[in-house]
Amino acid sequence: MMKPKLLISACLCGKNTKYNGKNNLIPQIEQLERLYDFVLICPEVMGGLPIPRDPSEIKGDLVLSKTGTDVTQNFILGAQKALELVKKHQVQVALLKESSPSCGVHMIYNGNFNGEKISGSGITTQVLKENGVKVYSEDEIHLLLNQNS
């Protein structure tokens, strides 16, 4: 039987795609791999931003780097490329990095670079949800593990 596809933030799989050149490897990655075929994404890299890069936060309708550079178009392009992969691979479920300006599911940083988080979704998460993808954060992995076992 074919495993369902899971769109997943590359940093959660141990890929060094974070803004600081590191990753956010999750301990449950092997359990998830037994249940799903992964489609890895890093919308920020897919949108043309380098590794490492200045951290970015959403401020109003813009995504700004810590140095004040407007990187909104990079984030929009990355979200569009993620959506293309969803359509190509017929993905219905995603596991994305909470708090990220691309991938945040329930929380994002407040746009002031002071470490405070607010309710909200990243650019890619918004696009995926608008297109019918069920998006989970790494805090909700148990839901993915339970629904497919």
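Trainee: Which helix is I29 found in?
Mentor: I29 sits in helix α1, which spans residues 29-35; helices here are DSSP runs of H or I with at least four residues, strands are runs of E with at least two, and both are numbered from the N terminus. Keep in mind that this is a predicted model, in which local features need pLDDT of at least 70, side-chain atom pairs count only at pLDDT 80 or more, and totals for chains, interfaces and linings use all residues. Residues are numbered from 1 along each chain as its sequence is written, and side-chain values use heavy atoms, with hydrogens and water left out.

Trainee: OK, and is I29 buried or exposed?
Mentor: I29 counts as buried because its relative accessibility is 11%, where buried means under 20% relative accessible area, exposed means over 50%, and partly exposed lies in between, with a 1.4 Å probe and protein chains only.

Trainee: What is I29 in contact with, beyond its sequence neighbours?
Mentor: Leaving out neighbours within four places in sequence, I29 has contacts with I8, L12, C13 and F38, a contact being heavy atoms within 4.5 Å. I29 and I141 are 112 residues apart in sequence, yet their C-alpha atoms are 9.5 Å apart in space.

Trainee: Switching to the core, which residues of the largest one touch the most other members?
Mentor: That core has 23 residues, and L7, V86, A94, L96, L128 and V135 touch the most other members; a nonpolar core is a set of buried Ala, Val, Leu, Ile, Met, Phe, Trp, Tyr and Cys residues joined through side-chain atoms within 4.5 Å. At least two residues of this core come from each of β2 (37-41), α3 (72-89), β5 (93-96) and α4 (123-130), and α3 gives the most, with 5 residues.

Trainee: And what does A94 touch?
Mentor: Again setting aside neighbours within four places in sequence, A94 is in contact with L6, L7, L128, V133, K134, V135 and Y136. There is also a second, separate core of 16 residues, which includes C11, V93, Y136 and L145.

Trainee: Zooming out, how many helices and strands does the protein have?
Mentor: The protein has 5 helices and 8 strands, and along the sequence they follow the pattern β-α-β-α-β-β-α-β-β-β-α-β-α.

Trainee: How much of the protein is buried?
Mentor: Buried residues account for 46% of the 149 residues. Among contacts between residues at least 6 apart in sequence, 64% join residues at least 24 apart.
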